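Please read it alongside the sequence and the structure.

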Amino acid sequence: MKGYIKDFRKELQSDVWLMSPLYHRVWQYLKYKVNHKENKIPMKDGSFLTVVPGQHLTSIRTIAENVGWYERGVLKTPNPKTISGILDWLEKQKMIEIGRGEGNRQYTLITLLNWESYQVTDDESNSKETVSKQCADINKNEKNEKNEKKKEITTTTPDNPVQLFEYLLCRLSPIQMNSLYQWVDDFKGNQEIVNAAIKLADNKNKRYFNFVEFLLKEWHSNNLMDLDRVRAYEREKFNNSKVKPFARKGKGIVRTEMLPDWFEDNEQPAKPQPSDPPVVNDGEQMSEFERLMELRKNSGS
């Protein structure tokens, strides 16, 4: 593959740079792969599809295979569902457009928006004009992206499990993103259950992937395949383990068990009070005293 494209330092402050590394890897791959001249691609039905500059005819699986990486000598390939989620995010950010064929013309056509901004021309004056235009476009796009993102955060949280995890907890590795999508498959496509585990981890301030996966394994092993059963299970588990606050002797430290917002609280049963000591009859006590005194007197005589 020959040729090169222009890249800009300002991308270091863009949203795609702040996402997980796989997002930027996919974005760079698309910039490298789009056509630089018009081309006609033969289709399976005998027709031709015209691919113009700035477009790339591909498939989700092909992108996944080409953005893999080596880890300790083993090639890691992301799940196609992970790539599909990243492409949807890029399209939402107005960085690409995705076209999909139907019937016998099945394909994924990626159009890189503002593609001409990344191209290099031989004419110096045109190059300077392109750079100026590209910088202006990036500034405009970044401003629009930040406004859209701010609007989105203030109105609703993401529905996609990967985006929700990174929005509430922390950034994910590509392997962890792939694992989240696999959990959605394990729960028969019900991503609300995966999102519930993420929200519960946030509520308990356990901001790490292993805790979310621990919850998902527990729910799956108990065959909890809908959100209502998950909530009922967690509520029962909480009620069985809930303890009354107590103070540690000499420390003055009070420990309490926190109840998640989406669980119902139940009152603690009243702790039984200690019973009063048995009452001793004064007459019986004096008789016993006199008997002991008589024994002592006889033994001394």
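The model is predicted: local features need pLDDT of at least 70, side-chain atom pairs count only at pLDDT 80 or more, and totals for chains, interfaces and linings use all residues. Residues are numbered from 1 along each chain as its sequence is written, and side-chain values use heavy atoms, with hydrogens and water left out.

The chain has 11 helices and 9 strands; these are DSSP runs numbered from the N terminus (helices H or I, at least four residues; strands E, at least two). Of its 301 residues, 36% count as buried, meaning under 20% relative accessible area with a 1.4 Å probe, protein chains only. Among contacts (heavy atoms within 4.5 Å) between residues at least 6 apart in sequence, 57% join residues at least 24 apart.

**Helix pairs**

Two packed helices are described by the angle between their axes and the distance between the axes. Axes here are lines fitted to C-alpha atoms, for helices over the stretch in contact, and angles run from 0 to 180 degrees between N-to-C directions.

| Pair | Axes come within | Crossing angle |
|---|---|---|
| H7 (residues 174–186) and H9 (residues 209–221) | 12 Å | roughly 15 degrees |
| H8 (residues 191–203) and H9 | 9 Å | roughly 135 degrees |

H7 and H9 are therefore roughly parallel to each other, a term for angles under 35 degrees. Gln176, Ser179, Leu180, Trp183 and Asp186 in H7 meet Phe209, Glu213, Leu216, Lys217 and His220 in H9. By class, the residues of this H7 contact with H9 are 4 nonpolar, 3 polar and 3 charged. Ala, Val, Leu, Ile, Met, Phe, Trp, Tyr, Cys and Pro count as nonpolar, Asp, Glu, Lys and Arg as charged, and the others, Gly among them, as polar.

H8 and H9 are therefore oblique to each other. From H8, the contact takes in Ile193, Val194, Ala196, Ala197, Ile198, Leu200 and Ala201, and from H9, Phe211, Val212, Leu215, Leu216 and Trp219. The contact of H8 with H9 has 12 nonpolar residues, no polar and no charged ones.

**Nonpolar cores**

A nonpolar core is a set of buried Ala, Val, Leu, Ile, Met, Phe, Trp, Tyr and Cys residues joined through side-chain atoms within 4.5 Å. The largest has 54 residues, of which Val26, Leu30, Ile83, Leu87, Leu90, Ile96 and Trp219 touch the most other members. H8 gives the most to this core, with 7 residues. Neighbours within four places in sequence aside, Ile83 is in contact with Leu22, Val26, Ile60, Ile63, Ala64, Val67 and Pro78. A second, separate core has 5 residues, including Leu49, Val51, Tyr107 and Leu109.

Key:
Parallel < 35°, antiparallel > 145°, perpendicular 65-115°, else oblique. Buried < 20%, exposed > 50% of the residue type's maximum accessible area, 1.4 Å probe, protein only.
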